[in-house]
Amino acid sequence: MQAYWMPFTANRQFKSAPRMLVSADGMYYKDDAGRDILDGSAGLWCVNAGHNRKPIVEAIQRQAATLDYAPPFQLGHPLAFEAAEQLAAMAPKGLGKVFFVNSGSEAADTALKMAIAYHRVRGDAARVKLVGRERGYHGVNFGGISVGGIAGNRKLFPVTLTATDHLKSTHDLARNAFSRGEPEFGAELADELEARITTLHDPSTIAAVIVEPMAGSTGVLIPPKGYLKRLREICDKYGILLIFDEVITGFGRLGADWAANRFDVLPDILTCAKGLSNGVVPMGAVLVKPEIHDAFMAAAGERMIEFPHGYTYSAHPLACAAAIATLNLYRDEDLFGRAAAFASRFEEKAHALRGERHVKDIRNLGLVAGIELDSRPGAAGQRGFDVFLKCWEKGVLVRFTGDIIACSPPLIIEEQEIDRLFAVIGEAIRETE
Ligand SMILES: Cc1ncc(COP(=O)(O)O)c(C=O)c1O
């Protein structure tokens, strides 16, 4: 066990009592003791179509035996174009151009670079500043942590981009605790963009605002009613690009294909990953309005590289095969419609935990729920970790962030599995000091 330095893991705790997954099928993992573990977190918010889906597995196998790798710079392969067409066809209307990457972190940094470069190719080179939000998560690369708002992810790396600012988080338990769906209060928090940030920085220096429509990783923070629309209006007023990070919210999680459609707000740039390939092969994408893409084309000679950016594994043939098969599955099985149809039972069962000890908030939308627990004095995060461990012992996988338990199962979950998921969380909470 010693060679592997595990990511975002308490390595010494893990190695003292390993939790090892050895196989997966449908809604369940199997661990090395042969136990079935109900997947209440879609792996890491990514396995939206469930595990071991035959069409995806076979597509990858076929592709590996046909074209294992193709350099993406100055060369193409058919599946890259097909995957892009298919993704553009199901994207929020107006986001018709697709740039492939390999993860959510790469998607975030790509989107930020695109935003700055877009203004520059149009001759608006003063727009270099980036605005994120407290408690936002945009992955772990330098751009992402610069606009991200998780203190713990930044404090060891103080060399972030400097031209940034952050909106306040929308999390407001005093007014919105135990909201079902979008909270009532907090649309006015978007006004900070105009009242403080554009005033302080001069709007003509701001390139983009990036937010997760729903902040997932910091504990399922659902946007207040009207908040995203207000952000859109202010961005429009000052010529600022709006970027939605839909790495979690894309592909059906909120009971709609995209958060952009769920909330009826169209960003200029949208990032996605995770559910794009059902987590089977790493893949991410940045979707943009054609006018952004076209500005790059107009600014460079025909034999010039218009956007000097990309990765060795951009549009990897196996990732493209996985994405095409995944998008087909979503469509053929109407999995986004299924998520919407099961959302009310999910909400009922989640909110049935109200009144359990330590529970200070429950919030939900589509097939995602967050259960926030009181922290132990001086030991923030430990109660959440204990509940996570107890759920694991009881055969259920959930996520925890600090003292918030997050549930985001594959969209193929059955009713009795929803019931079991929340019943086990309830037991675990009752058994946790
Ligand atoms: C909103 C959001 N953006 C970016 C990322 C980073 O994605 P990755 O871990 O694939 O780099 C995540 C991961 O959870 C995320 O939730």
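Author: One term before we start. Helices here are DSSP runs of at least four residues, numbered from the N terminus. Also, this is a predicted model.

Reader: Okay. Which helix gives the most to the shell around the ligand?
Author: Helix H5, residues 104-121. It gives three residues.

Reader: And which residues come nearest to the ligand?
Author: Ser-103, Gly-104, Ser-105, Gly-139 and Val-247. They are part of a set of 15 residues around the ligand.

Reader: How does that shell divide into nonpolar, polar and charged?
Author: Six are nonpolar, seven polar and two charged.

Reader: New topic. Is strand E4 mostly covered or uncovered?
Author: Mostly covered. E4 spans residues 97-101, and four of its five residues are buried.

Reader: In what sense do E4 and E10 pair?
Author: Antiparallel, over five bridges. Strand E10 covers residues 284-288. Look at Val-98: Leu-287 in E10 stands opposite.

Reader: What about domains? Which ones does the assignment give?
Author: Domain 1 is 11-53 + 334-430, and domain 2 is 58-332. Their C-alpha centres lie 26 Å apart.

Reader: How many residues does each domain put into the contact?
Author: Domain 1 puts in 33 residues and domain 2 puts in 28.

Reader: Which element gives the most on the domain 1 side?
Author: H14, with seven residues. Other elements giving two or more there include helix H2 (42-45) and strand E11 (359-365).

Reader: And that side by class?
Author: The side of domain 1 that touches domain 2 has 17 nonpolar, nine polar and seven charged residues.

Terms used
Residues are numbered from 1 along each chain as its sequence is written. This is a predicted model: local features need pLDDT of at least 70, side-chain atom pairs count only at pLDDT 80 or more; totals for chains, interfaces and linings use all residues. A residue is buried if 20 or more other C-beta atoms lie within 10 Å of its own, exposed if 12 or fewer, and partly exposed in between; C-beta atoms are placed from the backbone. Two strands pair if DSSP finds at least two bridges between them. Domain bounds come from an automatic or database domain assignment. Two residues are in contact if their C-beta atoms, placed from the backbone, lie within 7 Å. Ala, Val, Leu, Ile, Met, Phe, Trp, Tyr, Cys and Pro count as nonpolar, Asp, Glu, Lys and Arg as charged, and the others, Gly among them, as polar. A residue is near a molecule or strand if its C-beta atom, placed from the backbone, lies within 6 Å of it.
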